[in-house]
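Reader: I am new to reading protein models. Could you take me through one, step by step?

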Amino acid sequence: MTMNSIILIAKVTHSCNLRCRYCFYTKSLNDHFPTTLSKEDLRTILRKTSEYWDKVSLVFHGGEPLLLPLEYFQAIIDFQRQLYEEHGTEFRNSIQTNGTVYTNELCTFLKNADIHIGISLDGTRETHDKNRPFKDSDKHSFDLIIENTYKFKQSGLNPSALVVATKQVVKDARSIYDFYKTHKLDFKINELFSDRTEPDIIPTPTELASFYEKLFDLWFYDTTEPILRIRPFTSMLASFWSTKVGDCTYRSNCSKFMVLETDGSIFSCARFSYNTEFRLGNILYESWPKILSSPVIDRLERRRDNLPVSCRKCEWLEQCWGGCAACALKDKGNLFDKTHWCASRKHIFDHIKNRLIYAMKGAV
Amino acid sequence: MSQLKNNLNSNETTLEFKFDIPNQEVIKKHPALKLALDEKEEAEKRANDFSGERDVCSDLEWGDYSAKS
């Protein structure tokens with residue numbers, strides 16, 4: 001049976017009520033795109049998408065998507081149901097939010113529409129509040145986010161967390177692990193671009209490696225419920241038994257999803273949105289086959305065969321592939337280079353391999 | 001798109017370092033391994049389900065998409 005599927009990350013708005021110190025959506029980048037992807041344009045795009053793809057995973061992203069009125073999302077979900085009736089297209093939805101917006105109505109809607117939520121939460125109050133203040137007041141956001149996270153959980157939703165590996169976060173693996181364990185939140189760690197001018201935000205590769213190692217051990221030797229799902233550790237471990245696993249920054253190409261910008265532009269990742277060279281096309285005016293035949297895709301795919309010799313000789317090539325292509329371009333100015341985090345990744349893969357050797361021998 | 005598919009399929013390489021699937025005794029000592037093995041199973045199932053010519057992707061997990069960092 002031949003099926004085809006797409007993950008579409010929809011930048012539904014560039015408005016945001018937080019001003020995270022590491023956000024790559026600078027004012028000039030935000031000004032480059034319309035503030036909001038209109039409901040009408042998104043409907044047009046979804047219709048076009050449903051005529052080409054059998055399964056669509058739609059991620060509402062921003063900015064802060066929940067700054068849009070609830071009616072926006074209700075209208076889109078209703079339209080998806082209509083498209084399912086017309087074309088049989090299956091939709092799955094999720095939303096990436098900063099967790100500052102909550103109403104009972106919203107919660108009921110998310111639950112009824114089976115929309116998964118990911119909440120951006122950088123660990124404890126101390127680590128989170130260092131970098132994620134409110135835009136207008138400069139006030140801390142942690143307390144409100146954790147309160148809303150509990151409300152989502154109490155209503156039966158099961159949010160997960162995204163954690164950015166800032167210098168503050170990587171300082172104390174024990175606090176971070178205990179925090180998420182206490183709050184029963186699965187989480188994923190994201191590596192930063194390294195082109196930050198603020199030296200107090202970006203960890204060194206050694207600091208990140210040490211954090212990875214300590215956090216991994218806390219998790220790997222924990223036998224008490226709940227066992228958290230921590231990415232990328234689950235997929236790093238799984239990669240010892242399968243080549244099918246791996247988060248996008250551990251894959252040999254950038255074909256895991258497509259990003260829809262507010263003007264209809266399609267990129268292979270929002271991390272390329274600042275550079276029109278990497279625009280695949282505009283889905284409002286072009287077809288999916290045209291967009292998918294963009295030379296940008298070939299350019300990105302050539303990276304796997306053009307990584308530096310140090311990558312090609314590396315034991316972990318097939319589990320790392322030089323890291324995120326967009327990071328390499330920003331960090332090193334060269335798409336075909338490896339990222340700033342090479343040493344951190346080598347260290348954690350070595351560490352996991354050693355832990356597995358001991359575990360498989362029956363030793364603790 | 002066939003090039004994209006070919007490239008995706010060319011990921012089917014053999015890792016130099018592989019372990020046997022851990023047994024229940026090992027998993028009991030390291031329950032995190034169960035999550036990793038579940039992830040492996042799910043990823044392989046999805047890869048088989050979505051083997052069409054036009055696949056851009058084969059799976060979506062929470063948090064797949066990076067924060068704006």
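Author: What follows is a set of questions and answers on this predicted model.

Reader: In what order do the ten strands of the open sheet in chain A lie?

Author: The sheet is open, and its pairing is mixed. Strand 7 (230-231) and strand 10 (279-282) of chain A are its edge strands, each pairing on one side only. The order in chain A is 7-6-5-4-3-2-1-8-9-10.

Reader: How many residues of strand 1 of chain A are buried?

Author: Strand 1 of chain A spans residues 5-11. In a regular strand, side chains alternate between the two faces of the sheet. Here Ser5(A), Ile7(A), Ile9(A) and Lys11(A) point one way, Ile6(A), Leu8(A) and Ala10(A) point the other way, and all are buried. The count of buried residues is seven of seven.

Reader: Which residue of strand 2 of chain A stands opposite Ile7(A)?

Author: Strand 2 of chain A covers residues 55-61. Strand 1 of chain A pairs with strand 2 of chain A in the parallel sense, over seven bridges. Opposite Ile7(A) stands Ser57(A).

Reader: And what is the bridge partner of Ala10(A) in strand 8 of chain A?

Author: Strand 1 of chain A also pairs with strand 8 of chain A. That pairing is parallel and has three bridges. The partner of Ala10(A) is Leu260(A).

Reader: Which strand of chain A does strand 3 of chain A join by four bridges?

Author: Strand 3 of chain A holds residues 90-97, and its partner here runs parallel to it. One bridge pairs Ile95(A) with Ile117(A). Ile117(A) lies in strand 4 of chain A.

Reader: What is the hand of the β-α-β unit with helix 4 of chain A?

Author: Helix 4 of chain A covers residues 104-112. Strand 3 and strand 4 of chain A complete the unit with this helix. The unit is right-handed.

Reader: How many residues of strand 4 of chain A are buried?

Author: Strand 4 of chain A spans residues 116-120 and is mostly covered. On one side, strand 4 runs parallel to strand 5 (residues 160-164) of chain A, with three bridges between them. There Gly118(A) stands opposite Ser160(A). The buried residues of strand 4 of chain A number four of five.

Reader: Which residue of strand 6 of chain A is the bridge partner of Val163(A)?

Author: Strand 5 of chain A is joined to strand 6 (residues 187-190) of chain A by four bridges. These two strands run parallel. The partner of Val163(A) is Ile189(A).

Reader: Are helix 2 and helix 3 of chain A roughly parallel or roughly antiparallel?

Author: Helix 2 (residues 39-50) and helix 3 (residues 70-87) of chain A pack with their axes 10 Å apart, at an angle of about 25 degrees. The contact includes Leu42(A) and Leu46(A) of helix 2 of chain A, and Ile76(A) and Phe79(A) of helix 3 of chain A. Angles under 35 degrees count as roughly parallel. So helix 2 and helix 3 of chain A are roughly parallel.

Reader: Is the crossing of helix 9 and helix 16 of chain A left-handed or right-handed?

Author: Helix 9 (residues 205-220) and helix 16 (residues 342-360) of chain A have axes 8 Å apart and an angle of about 25 degrees. That makes helix 9 of chain A roughly parallel to helix 16 of chain A. Among the residues that meet are Tyr212(A) and Phe216(A) in helix 9 of chain A, and His347(A) and His351(A) in helix 16 of chain A. The crossing is right-handed.

Reader: Is Gly246(A) buried or exposed?

Author: Gly246(A) sits in the loop between helix 10 (233-238) and strand 8 (258-260) of chain A. Beyond four places away in sequence, Gly246(A) touches Ser235(A), Ser239(A) and Arg251(A). A residue counts as buried with 20 or more other C-beta atoms within 10 Å. Gly246(A) has 23, so Gly246(A) is buried.

Reader: How many helices does chain B have?

Author: Chain B has 69 residues, and 41% of them count as buried. Its elements run α-α-α from the N terminus on. With zero strands, the secondary structure of chain B comes to three helices.

Reader: How far apart in space are Arg46(B) and Ala32(B)?

Author: Arg46(B) lies in helix 3 (residues 32-49) of chain B. Arg46(B) counts as partly exposed because it has 17 C-beta neighbours inside 10 Å. Arg46(B) and Ala32(B) are 14 residues apart in sequence. From C-alpha to C-alpha, the distance is 21 Å.

How values were computed
Residues numbered from 1 in each chain as written. Chains lettered and ligands numbered in written order. Predicted model: local features only at pLDDT ≥ 70, side-chain atom pairs only at ≥ 80, totals over all residues. Buried ≥ 20, exposed ≤ 12 C-beta atoms within 10 Å, placed from the backbone. Pairing = 2+ DSSP bridges. Right-handed = clockwise from strand over helix to strand, strands pointing away. Axes fitted to C-alpha atoms, helices over the stretch in contact; angles between N-to-C directions. Parallel < 35°, antiparallel > 145°, perpendicular 65-115°, else oblique. Left-handed = near helix turned anticlockwise from the far one by under 90°. Contact = placed C-beta atoms within 7 Å.
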